[in-house]
Amino acid sequence: MHKYETRTVSPAKSLQGEIVVPGDKSISHRAIMFASLAKGESRVRGLLRGEDCMSTLKAFQAMGVEVVEKSEDEFVIQGRGIDGLLEPENVVDCGNSGTTMRLMSGILAAQPFFSVLTGDQYLRKRPMGRVINPLSEMGAKILGRDGNSKAPLAIDGGGLKPIEYSSPVASAQVKSAVLLAGMQIEGTTTVYEPHLSRDHSERMLRYFGAEIESFDGGARVTGPVSLTGREVIVPGDISSAAFFLVAGLIVPGSELLLKNVGVNPTRSGIIDILQQMGGSIELLNRRELSGEPVADLLVKSSNLKGIEIGGELVQRAIDEFPVVSVAAAFASGVTTICDAKELRVKETDRIAAMCDALGKLGAKIEPLEDGMRITGGQSLRGGTVGSFGDHRIAMSMAIAALRAEAEVLIEDTGCTATSFPNFWELLAQIGA
Ligand code: S3P
């Protein structure tokens, strides 16, 4: 559980400098999981020390995986192989992390032991039927609260058979849970999804030596796979960089260089959205790290205009809509976000949360069933807003505050440690 604190953010004059955002959260989770399931040693550099990833790390330590911290962001993990995990002696606490709970469900469903997964007050409200259903179809014995739809989850692992699964939601967590179960058993498991969700699992499993086929509309694995320990370098998190991209665009006279950011096409929708809004963002020094594309991002303040956002672009920027709504509040004209119903079941209902918080500062923002409509160009006043315990709401409101007319007090900001422990330090570093 994150600690309770509040922060006051003042209007900024201009933002300048070069920053390195912390490691990608999605990729860090997977590095810990796959290194633990691999045979031999893996060295992971650039790992995010956020609370979510530490939940994943502790879960694997509880199943006998040895981890040595070499430095602040470098970990050496002694993998136990896919058949070497031990039954955890206690309930596994996934904290606030949906990725930990959903991916672990897939891994544990195939392990020959009993385990229980729980989480904080927010995670225990989130839908788990989306992983319980396909895993049960594979033969998993999983019981959950509220008619088998919510955590805590009790998993009596083993006895699975492969399936072909068409997921009703485009979700990397669902796709990964099914593939991670499928990769441990004999036969071919296939997942189809309505839009391509982030493909970090497929990329990293391949990097660890598994054969995973990605195709238009899904992915397929034939198990059991064998993973071999490797050196992994985790790129910077584009979802964390997004706050600084928007800050650089909306605060006049700013220029920021964000170094070493992951630009996987399944994640880089935020760059397309902000460029379509008229934002000046350049991708420099493109390269590849451990199977993931990376670049440095140069952002300069720009006059933004409102746009319409829907369809597959939503999937490619799914975690960035809180901060997109901030950019829209400072753009001329109307921005409409639709096809984004998933925002209602993130760490909080992000549609309701952003309408409440930005609305309190005087933004014209209205909720839609599957998104929101923002009429930009109004100046925002100072005031007090809440974070709803959601890291991305807290950080988005800090960015909005940089361009408000007066100070903004943000309540319950300890949650930023979930994904971005040094967010406030980096903000100060660029002159905020
Ligand atoms: C994630 C997948 C996305 C995303 C979440 C991280 C992952 O969720 O919103 O922050 O690491 O696989 P869904 O799978 O629910 O779309």
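1. Strands here are DSSP runs of E with at least two residues, helices are runs of H or I with at least four residues, and both are numbered from the N terminus. Two strands count as paired if DSSP finds at least two bridges between them.

2. A word on what you are looking at: this is a predicted model, in which local features need pLDDT of at least 70 and side-chain atom pairs count only at pLDDT 80 or more, while totals for chains, interfaces and linings use all residues. Residues are numbered from 1 along each chain as its sequence is written, and side-chain values use heavy atoms, with hydrogens and water left out.

3. Four strands form an open sheet in the order β6-β7-β9-β8, with mixed pairing. Because β6 (92-93) and β8 (141-144) are at the edges with a single partner strand each, one side of each has no neighbour in the sheet.

4. Now the whole chain, which holds 14 helices and 23 strands. Its radius of gyration, taken over C-alpha atoms, is 21 Å, close to the 22 Å that the globule rule gives for 432 residues, so the chain is as compact as a globular protein of that length. That rule is 2.2 Å times the number of residues to the power 0.38. Along the principal axes, the C-alpha atoms fill a box of roughly 60 × 45 × 40 Å.

5. How much of the chain is buried? Of the 432 residues, 62% count as buried, meaning under 20% relative accessible area (1.4 Å probe, protein chains only). Among contacts (heavy atoms within 4.5 Å) with a separation of 6 or more, 76% come from residues 24 or more positions apart.

6. Just after α9, Gly278 has a positive phi of about 100°.

7. β16 and β17 run antiparallel and are joined by eight bridges, with Glu282 opposite Leu298 in β17. Two residues lie between the strands of this hairpin, where Ser290 takes a positive phi near 45°.

Conventions: Buried means under 20% relative accessible area, exposed over 50%, partly exposed in between (1.4 Å probe, protein chains only).
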